[in-house]
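Here are a few notes to read alongside the structure. Have it open while you go through them, and take the points in order.

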Amino acid sequence: ETKGNPTAISLTSCVGIGQFCGGTAKQYKDLFPQLTGCCTKEAGEKHHCSNERKRCGGSNWCATGGYKCSAIPGAANYDSRFDPGRSFKAMGRLHAKNFKRFSVYGAKSQFAIASYNSGTAPVNLAIKQAKSVFGDPNPRWEQVYAQMTPDLFLRSSKNYNKPYFTNNDNENLKKKIKHLNAYVQRISIYTDHAQEQLSGRPVVT
């Protein structure tokens, strides 16, 4: 998601190479003991971090100002999510948790990857809907993704009922759903390769 940039900050204020937003990061207090809000939503602002990014000349990170958090250890406003080592450990824990959650499905890896990007709520709801539509207790990723509409996301979680996603006829939500499939396919290549290296056997998909 960050192309390897450990100091990346998204427009929705997710931070670091793992792009952990505040709510998820709080689940890993041992890894992220110091969390600092990087952006403040201002009146008339379309995205949570739009004005901070403008003050940084359009960059998603400025070491000298703009954002309210710092990537410099020891700074009063330092945020632990900027530490790549801590973020990688948290990423591993979160993916393992999601992998276990969907372990009964053949497409468990795709479901876990999708959950990392979108949260588990829309994935769970899409799985449930796919089971009903196709009459299959073990739906494929393609069948589940076909259920992922703006309406499903809006029903799945209050997080998607925010103006960032709902403005302009759900413009940003539609973009997120569109990009989700490509994200899952891309990350699946990496996870399949990792499994091959660990097991010594090619992964059949």
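1. Start with the second largest pocket. It has 20 lining residues, and those nearest its centre are M91, Y116, Y183, I187 and Y190. Helix 8 provides the largest share, at six residues. Bear in mind that this is a predicted model.

2. How big is that pocket, and what is it made of? The volume of the second largest pocket comes out at about 480 Å³. Sorted by class, its lining holds 10 nonpolar residues, eight polar ones and two charged ones.

3. Now look at helix 4, which covers residues 108–118. How many of its 11 residues are buried? The count is nine, so this helix is described as mostly covered. The buried ones are S109, F111, A112, I113, A114, S115, Y116, N117 and S118. Once helix 4 has ended, G119 comes just after it with a positive phi of about 95°.

4. S109 is worth a stop on the way. This serine sits in helix 4. Is S109 buried or exposed? Its relative accessible area is 11%, and because the cut-off for buried is under 20%, S109 counts as buried. Setting aside neighbours within four places in sequence, S109 is in contact with H95, F99 and T191.

5. Next, the nonpolar interior. In soluble globular proteins, nonpolar side chains tend to be buried together. Here the largest nonpolar core has 31 residues, and the ones with the most contacts inside it are F20, F111, W141, V144, M148, F153 and L180. Helix 3, helix 4, helix 5 (120–134), helix 6 (141–145), helix 7 (150–156) and helix 8 each give two or more residues to this core. Helix 8 gives the largest share, seven residues. Another core lies apart from it, with 11 residues that include I9, C39, C62 and C69.

6. F153 makes a handy example from the largest core, being among the residues with the most contacts inside it. Which residues does F153 touch, leaving aside its neighbours within four places in sequence? They are S118, P122, M148, Y160, L173, I177 and L180.

7. The structure has one cavity of 30 Å³ or more, and the volume of the largest cavity is about 30 Å³. Its lining is made up of K46, P163, Y164, N167, N168, E171 and N172. By class, that lining splits into two nonpolar, three polar and two charged residues.

8. Finally, two backbone angles to check by eye. Most residues other than glycine have a negative phi, and most peptide bonds are trans. Q19 is not a glycine, yet its phi is positive, near 50°. You will find Q19 in the segment before helix 1 (22–25). With a relative accessible area of 15%, Q19 is buried.

9. D169 is the other one: it is not a glycine either, and its phi is positive at about 60°. This residue lies within helix 8, which runs over residues 163–199. Is D169 buried or exposed? Its relative accessibility is 56%, and because exposed means over 50%, D169 counts as exposed.

Definitions and conventions:
Residues numbered from 1 in each chain as written. Predicted model: local features only at pLDDT ≥ 70, side-chain atom pairs only at ≥ 80, totals over all residues. Heavy atoms only, no water. Helix = DSSP H or I, 4+ residues; strand = E, 2+ residues; numbered from the N terminus. Buried < 20%, exposed > 50% of the residue type's maximum accessible area, 1.4 Å probe, protein only. 1 Å grid on protein atoms, 1.4 Å probe; cavity = no way out; pocket = protein on both sides within 12 Å on 5 of 7 lines; lining within 4 Å. Points joined across faces, edges and corners; volume = space filled by probe spheres on them. Nonpolar A, V, L, I, M, F, W, Y, C, P; charged D, E, K, R; others polar. Core = buried A, V, L, I, M, F, W, Y, C linked by side-chain atoms within 4.5 Å. Contact = heavy atoms within 4.5 Å.
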